[in-house]
Amino acid sequence: FAEQLMGRWTYAESRVLSFRWKALGKRISHVIEHLPDWVQHADKYVSMDYGFTDPAAAAYFAVHHDGTVIMLHEIYQPGLTPEEFAQRVLEVPREKGWRIKQFLSDPRKPEVLRHFQRLGVACMRVDKNRQSDRQAGFMAIQDYLSDDPILGRPKLFISRHCTHAIDEMKLLRRKDGHTGDEFSTAAIAGADHLCFVAGTLIATEHGDRPIETIRRG
């Protein structure tokens with residue numbers, strides 16, 4: 001009753017996020033089949049989380065003037081060097097014809113930042129302490145997955161082509177002994193690389209903007 005009729009997230013089956021990969025009654029799906037027309041002219045962003053053994057993850061977002069965020073495309077691949085990752089991140093917008101307003105890099109991986117600098121690409125670097133606070137990122141995602149009181153719908157959607165991001169949001173679970181109020185990494189089990197970059201984008205671009213711009217020296 002609380003979830004279906006009152007719109008409250010009850011953490012059913014220990015799932016972390018109130019993510020709907022299909023419509024549920026009158027509540028629409030967070031996964032979209034076709035991109036709306038406004039995406040073509042919207043500001044676009046890239047948020048990244050680099051790993052070598054773990055997957056190197058990047059997600060491309062379009063942001064509407066009303067605050068709606070759509071994940072358009074994902075990179076999710078282990079075994080990429082920092083240079084290979086940077087090159088791949090830059091290839092996608094060239095292939096898609098997208099102009100990226102800003103790139104959000106990972107300050108814990110300065111080697112990736114150096115490659116972007118060398119290529120003449122300015123990156124926004126989130127404060128290390130703030131970016132390490134995954135709880136804030138998960139809370140930002142959950143806020144955007146919830147129905148906005150003004151719009152009457154969520155403000156975060158994912159293209160059906162972003163299969164890894166969809167799986168992460170579907171499969172993240174709470175560990176035994178942890179309550180639904182905890183978003184700490186100690187309380188959550190499962191891959192969260194693309195959830196992390198989505199939370200970073202939302203918390204940074206629509207929060208208090210604790211950012212530093214890194215440009216070529």
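We will talk about a helix pair and then a cavity.

Mentor: This is a predicted model, where local features need pLDDT of at least 70, side-chain atom pairs count only at pLDDT 80 or more, and totals for chains, interfaces and linings use all residues. Residues are numbered from 1 along each chain as its sequence is written, and side-chain values use heavy atoms, with hydrogens and water left out.

Trainee: At what angle do the axes of H1 and H2 cross?
Mentor: Roughly 50°, and the axes of H1 (residues 82-96) and H2 (residues 110-118) come within 9 Å.

Trainee: Which residues in H1 and H2 meet?
Mentor: Pro82, Glu83, Phe85, Ala86, Val89 and Leu90 of H1 meet Glu111, Val112, His115, Phe116 and Arg118 of H2, with contact meaning heavy atoms within 4.5 Å. By class, that contact has seven nonpolar, one polar and three charged residues.

Trainee: New topic: how many cavities of 30 Å³ or more are there?
Mentor: Two, from a search of the whole structure. A cavity is a set of points on a 1 Å grid over the protein atoms alone where a 1.4 Å probe fits but cannot get out.

Trainee: What lines the second largest cavity?
Mentor: Arg134, Gly137, Phe138, Asp192, Cys195, Phe196, Gly199 and Thr200, each with an atom within 4 Å of a point.

Trainee: Which helix gives the largest share?
Mentor: H6, with four residues of that lining. Helix H4 (134-145) and helix H6 (193-205) each supply at least two.

Terms used. 1 Å grid on protein atoms, 1.4 Å probe; cavity = no way out; pocket = protein on both sides within 12 Å on 5 of 7 lines; lining within 4 Å. Points joined across faces, edges and corners; volume = space filled by probe spheres on them. Axes fitted to C-alpha atoms, helices over the stretch in contact; angles between N-to-C directions. Nonpolar A, V, L, I, M, F, W, Y, C, P; charged D, E, K, R; others polar.
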